[in-house]
Amino acid sequence: TRQIVLASRPSGWPTAENFRLEEVQLPALQPGQVLVRNTAMSVDPYMRGRMNDVKSYVPAFQLDQPLDGGAVGEVIESTADEIPVGTHVLHGLGWREHAVLDADKARPVDVSAVGDTPYLGVLGMPGLTAYAGLMAAAEFTSGDAVFVSGAAGAVGSLVGQIAKLSGASRVIGSAGSPEKVARLLELGFDAAFNYRDGDVVGQLAAAAPEGIDVYFDNVGGEHLEAAIGALNVDGHAALCGAIAQYNSDDKPAAPRNLALVIGKRLTLRGFIVAKYADLAPEFQQKMTGWLTSGQISFDETSREGLDQAPQAFIDMMRGANTGKMVVRL
Ligand code: NDP
């Protein structure tokens, strides 16, 4: 079987040379384990941080060792009664065609209605990030005007739609192309702009003439600075990601207006989705309902084949995806 290992640590933007495709032998199954043939895997922004040799909330990837991350697949061999052959499961050993893992590390999923890839996006970790980040970290309440950056991505596109369904007075999104901006308006955002056109402060002011009450930050830097400027008194920001700086060795210059947090009595809260696991059942129930009723739409950009996974990851970081980027295996 084949897997992708970290060949070298990227400095700045990752390149194909940082990854290597390897042929390996599968270990024999121990009692209580399953062998999964992976059918799809996720590439996520947080993986970039794990490619650096630094201490963080998730351990760094090791050189010459396989990468890992969210994946879905079908059990083709099992020594665990609770997960028989034929079960579709979600687990954490992506970046490989086959995975051997303890049965309690694999969560059975129902692929009959929606297929497998939604468990990597709208029904999975990014979906919970959007829901918990908006509801718990940002403490959204009905009537709030919400701004979300990275709005056409896996998390951002759901933040905007969930906010709208939950009574937001206005939802504004920013993204990196005219096509993405058009897509956001189709998804029900009240306003959207292309940050690559420049003047994020001015574009945000035009899109939110009465200011914003909640900012969901996927980007950091200039976007965060603009949002601090636009937030109304007692406003809240959930700091979810800072993708504008993941591939840069320099420290970001913005936000330069942090002192506004004091006078405007703003709450800025960083969060990690894993800390909101208690909200997962409530999220699953609501999201399943919204999908069934057609009230939430989700986009997916996919690549075919394990050998395409490194490029899919690099392209996602550069904005090639609308909605969730996945690799079908
Ligand atoms: P996305 O699907 O949003 O993909 C990443 C997107 O980031 C790209 O499509 C690109 O879109 C955008 N982007 C890249 N560079 C820049 C830049 N310099 N400025 C603005 N936008 C940029 O990824 P996810 O939805 O999976 O993740 C979104 C964010 O949420 C990330 O920051 C991620 O780290 C974070 N996250 C945090 C979690 C947590 O627990 N705190 C959990 C999951 C995700 P465009 O074309 O618009 O530039």
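A: This is a predicted model. Helices are DSSP runs of H or I with at least four residues, numbered from the N terminus; the helix α2 is followed by Glu139, whose phi is positive, near 50°.

Q: What makes the end-to-end span of helix α2 short?
A: The expected span is 1.5 Å times one less than the number of residues. Helix α2, residues 125–137, has 13 residues, for which a straight helix would reach 18 Å, but its end C-alpha atoms are only 15 Å apart.

Q: Why is α2 called largely enclosed by the rest of the structure?
A: A residue is buried if 20 or more other C-beta atoms lie within 10 Å of its own, and because twelve of the 13 residues of α2 are buried, the helix is largely enclosed. Among these buried residues are Met125, Leu128, Tyr131 and Met135, and the buried residues of α2 pack against α3 (154–165), β11 (212–217), β12 (231–239), β13 (267–270), α8 (280–292) and β15 (324–328).

Q: What makes β10 and β13 the edge strands?
A: In the open sheet of six strands, with parallel pairing, the order is β10-β9-β8-β11-β12-β13, and β10 (191–194) and β13 each pair on one side only. Neighbouring strands of this sheet are turned by 15° against each other on average, direction ignored.

Key:
Residues numbered from 1 in each chain as written. Predicted model: local features only at pLDDT ≥ 70, side-chain atom pairs only at ≥ 80, totals over all residues. Helix = DSSP H or I, 4+ residues; strand = E, 2+ residues; numbered from the N terminus. Contact = placed C-beta atoms within 7 Å. Pairing = 2+ DSSP bridges. Axes fitted to C-alpha atoms, helices over the stretch in contact; angles between N-to-C directions.
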